Amino acid sequence: MRLSLTLTPTVPKRTAAQAVLLVKNDALLSARALFRVRAVNALTREETVTLLRCTVPPKGTEELRFLVESRRCGQITAAVEKAGLLDICGIFAVPLKTENIAARTTILPDMFAPGIDLALASSMPEESDSYAPGCRGNDLTEIFQLREYAPGDDLRRIHWKMTAKTDRLIVREASLPLQRSLLVFWDKTAADKLAPDAADALAESVSSVCQSLSEQGYAYQLGWPEGGTARFAEAGSTEELLRNLPLLLRGGAEPLQETGALRGFGKILYFTASPDPVWRSLTAGAEPVLLLCG
């Protein structure tokens, strides 16, 4: 007997994700089976258990549909933790292998509209010796990348030499001076100690601020701890933010081991429920704003 599990990739909060457990019977006899599926929200640590049973015809398949839901946002992993073939009376069961029979869905956070008046350093010179790695900006003295012209691009950014060589309109994307770069960092090292409602509120705060920054056209990066180090992702647009939310909602993490893990940014919005004692050393060299969310 072969099993596979699928889940709707993302759903809004208070909406159930559709799950399908596909059961294939390769035998010449019909089979009765029982399954136990456990779903765990990595952010809030909430769990639900679903029991399923079916009879699969010889050389046939059966689709078992059920719902996976959570009142709070987060990344949910559903896995078949136990399965067995039942005898004709349905009393005894022969265990089936269930390794790696799992799927994930992301319950998206609700967004609110925070009022943000963010002042990035404006006293710094336009020509800077240091630039934010992998981050677009507005300083044309340093080119971030070259690409083909798209409708709406500023004509002043056309690279005329490359345009003449390629016979296509090529534009320059500017780099971001390091002093003006912005990081939104979610310190998740205390996430495992939070109550589910507190973890949910923190996720919605981070996501809502990021969405507001994207809508206002700020170039910024997302950051979070993972495996003892800091992980970064560009999220200067709403599309990039939505693409990175499943990574952001994966739950707690180990404390950062690097003292200067967050160096290289001008301003850091540092979200946490309980600040790491070394958060000031982590943000050394930047202008940090500590945002405590409970």
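Trp-279 counts as buried at 11% relative accessibility, where buried means under 20% relative accessible area with a 1.4 Å probe and protein chains only. Tyr-270 is buried as well, with a relative accessible area of 0%.

Colleagues, this is a predicted model, in which local features need pLDDT of at least 70, side-chain atom pairs count only at pLDDT 80 or more, and totals for chains, interfaces and linings use all residues. Residues are numbered from 1 along each chain as its sequence is written, and side-chain values use heavy atoms, with hydrogens and water left out.

Let me turn to the rings. Rings of Phe, Tyr and Trp (for Trp, the six-membered ring) pair if their centres lie within 6.5 Å; planes under 30 degrees apart count as stacked, over 60 as edge-to-face and the rest as tilted. By this rule there are 3 aromatic pairs. One of them joins Tyr-270 and Trp-279 in a tilted arrangement, 5.6 Å centre to centre with 45° between the planes. Ring pairs connect Phe-185, Tyr-270 and Trp-279 as a cluster.

Next, the sheet. Strands here are DSSP runs of E, at least two residues, numbered from the N terminus, and two strands pair if DSSP finds at least two bridges between them. An open sheet is formed by 3 strands in the order β1-β3-β6, with antiparallel pairing. Why is one side of β1 and of β6 left without a neighbour in the sheet? Both β1 (2-7) and β6 (61-68) stand at the edges, each with a single partner strand. Strand β3, residues 17-24, pairs with β6 in the antiparallel sense over 8 bridges. Within this pairing, Gln-18 stands opposite Leu-67 in β6.

Note on methods. Buried means under 20% relative accessible area, exposed over 50%, partly exposed in between (1.4 Å probe, protein chains only). Helices (H or I, at least four residues) and strands (E, at least two) are DSSP runs, numbered from the N terminus.
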